[in-house]
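Visitor: Hi, I'm new to this one and would like to go through it with you. Could you put it on the screen?

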Amino acid sequence: QDTAAALTMIPKHVPVACLQNGVENEALVAATHDTIAAMVWIMAVHLAPGEVALYASKCLGILDIGTLTGEPLVAQELAELFCRAGFDSALRQDIMPWKRAKLLGNLAGIFEIAIDGYDAKRAQALVAEGCAVLTKAKLPWTPMERFGERVKKAEHVPIQGKNRPGGSLWQSKQRGSVSEAEYLNGYITRLGAMVGIPTPVNSQLLAQAKD
């Protein structure tokens with residue numbers, strides 16, 4: 001949700017890596033800058049400036065990246081830097097299907113800001129709508145079983161006996177900032193309208209999240 005404003009501060013010759021959820025930032029960035037996409041999987045909580053709690057062992061997180069436009073060596077250098085910093089980072093020719101798989105997994109996060117309590121049946125419906133929309137739009141995603149095996153490398157561990165309290169949408173709500181729901185569930189509803197696939201569950205929960 002802050003990409004457009006951030007781009008105004010970045011010189012045109014500087015490559016930009018999109019380490020964000022969702023799949024819309026890359027098209028916006030590519031209009032003006034060389035673009036690298038990243039699939040981010042980090043078990044972190046950031047509620048206060050300068051303070052990040054990381055619920056992880058083995059590695060700090062997963063940062064798989066791929067070049068969309070520009071010099072491929074930039075992405076290779078970034079992957080090497082990420083690995084040296086303690087992340088697991090793989091270069092991928094097909095990075096956007098990985099980001100779409102992450103998007104499907106992010107859809108149920110809206111329960112953290114829309115209603116009290118997780119509803120497994122509606123969560124399945126959220127993902128089913130997302131799959132139907134992506135299929136109609138001919139936008140492939142990495143199979144969820146393969147995606148799950150990949151992100152297992154960033155094992156979740158409690159901190160002082162407590163599990164990670166919530167994902168990115170929950171954290172935005174706790175900070176009192178604008179959430180990225182419009183770029184997750186909202187993306188599915190907008191794309192669904194474009195390709196003629198109804199998305200009633202995503203639409204309803206998105207509306208509740210705005211109330």
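Visitor: Which helix gives the largest share of the lining of the largest pocket?

Guide: Bearing in mind that this is a predicted model, the largest share comes from H8, which contributes five residues to that lining. Helix H8 spans 168–175, and at least two lining residues are also supplied by each of strand E2 (35–41), strand E3 (44–48) and helix H4 (95–106).

Visitor: How many residues line the largest pocket, and which lie nearest its centre?

Guide: The lining is made up of 35 residues, and those nearest the centre are Asn21, Arg164, Gly167, Ser168 and Glu180. By class, the lining has 15 nonpolar, 14 polar and six charged residues, and the space in this pocket comes to about 1000 Å³.

Visitor: And what volume does the second largest pocket have?

Guide: Its volume is about 230 Å³. The second largest pocket is lined by 14 residues, with Ile113, Ser177, Ser179, Ala209 and Lys210 closest to its centre.

Visitor: Changing topic, is Arg150 buried or exposed?

Guide: Arg150, which sits in helix H7 (residues 144–151), counts as buried because its relative accessible area is 8%, and the cut-off for buried is under 20%.

Visitor: So what does Arg150 touch, leaving out residues up to four places away in sequence?

Guide: Arg150 is in contact with Ile62, Asp64, Asp88, Ser89, Ala90, Arg92 and Trp98.

Methods: Residues numbered from 1 in each chain as written. Predicted model: local features only at pLDDT ≥ 70, side-chain atom pairs only at ≥ 80, totals over all residues. Heavy atoms only, no water. 1 Å grid on protein atoms, 1.4 Å probe; cavity = no way out; pocket = protein on both sides within 12 Å on 5 of 7 lines; lining within 4 Å. Points joined across faces, edges and corners; volume = space filled by probe spheres on them. Helix = DSSP H or I, 4+ residues; strand = E, 2+ residues; numbered from the N terminus. Nonpolar A, V, L, I, M, F, W, Y, C, P; charged D, E, K, R; others polar. Buried < 20%, exposed > 50% of the residue type's maximum accessible area, 1.4 Å probe, protein only. Contact = heavy atoms within 4.5 Å.
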